[in-house]
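Dear colleague,

I am passing on the structure below for you to look over. My notes on what was found in it follow, starting with a single residue and then moving to the whole chain.

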Amino acid sequence: FKNSFANLFGSMDAFEENYGPYVWNKVGFVAVPFNGGAMEHATCIAYPLITLNGNLQYETLMAHELAHHWWGDLVTCRTSGDMWINEGIASYSEALFLEHVYGYTNYLNELKGVHRDVIQRAHFNDEAFYPLSGVPHNATYGTHSYSKGSTVMHNMRSYMGDIHFFNGLRAIQTNWAFRDIDAADFRDELEDATGLDMHPFF
């Protein structure tokens, strides 16, 4: 178990640096007999037993679930149509974790793979082409919310620049803590925090 979580503190550092303080009093991972996936209960993550294999093969899943303590638990999407706020940013956080622990090249390589998945398979997996915001209920937990959401976050970072991007995300964490948010509120908070016009991007 410990070997599979060797970079847990690295992921915590990455997210506190870029999203803001970890506000919960603890974090735990409990092994459960899931066949796949995990569940990000605040402070106690249900984590699939099969991933605890003594190596780092599944460490991006660890980072994803930890990231939900900011995106999903502290600030959450208002409706299922904006699930990208929870799952897209948690998926993007996997790449952010890799950047912090292994460097920017690893970050880019991860996102290139995710982007390829969006281009080649999102419309097949979710049975249509969808905009990121407002996905129908059947696609709530689909490739658009996770992978397209991750890709859009990378694009947003490039569009805004690192300083504005992460300042904006920290402002959302501060001003929307323990509340729900939709795409329009997300956009407006980025604008308020940075002075950038985010309407063209959104």
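Threonine 43 sits in the loop between strand E1 (28-32) and strand E2 (44-48), where strands (E, at least two residues) and helices (H or I, at least four) are DSSP runs numbered from the N terminus. This is a predicted model, in which local features need pLDDT of at least 70 and side-chain atom pairs count only at pLDDT 80 or more, while totals for chains, interfaces and linings use all residues. Residues are numbered from 1 along each chain as its sequence is written, and side-chain values use heavy atoms, with hydrogens and water left out.

Threonine 43 counts as buried because its relative accessibility is 15%, buried meaning under 20% relative accessible area with a 1.4 Å probe and protein chains only. Leaving aside residues up to four places away in sequence, threonine 43 touches Tyr22, Trp24, Asn25, Lys26, Val27, Gly28 and His69, a contact being heavy atoms within 4.5 Å.

**The whole chain**

The protein has seven helices and four strands, which follow the pattern α-β-β-α-β-α-α-α-α-β-α along the sequence. Its radius of gyration is 16 Å, close to the 17 Å that the globule rule gives for 202 residues, so the protein is as compact as a globular protein of that length; the radius is taken over C-alpha atoms, and the rule is 2.2 Å times the number of residues to the power 0.38. Of the 202 residues, 52% are buried, and among contacts with a separation of 6 or more, 62% join residues 24 or more positions apart.

Best regards

Technical notes:
Buried means under 20% relative accessible area, exposed over 50%, partly exposed in between (1.4 Å probe, protein chains only).
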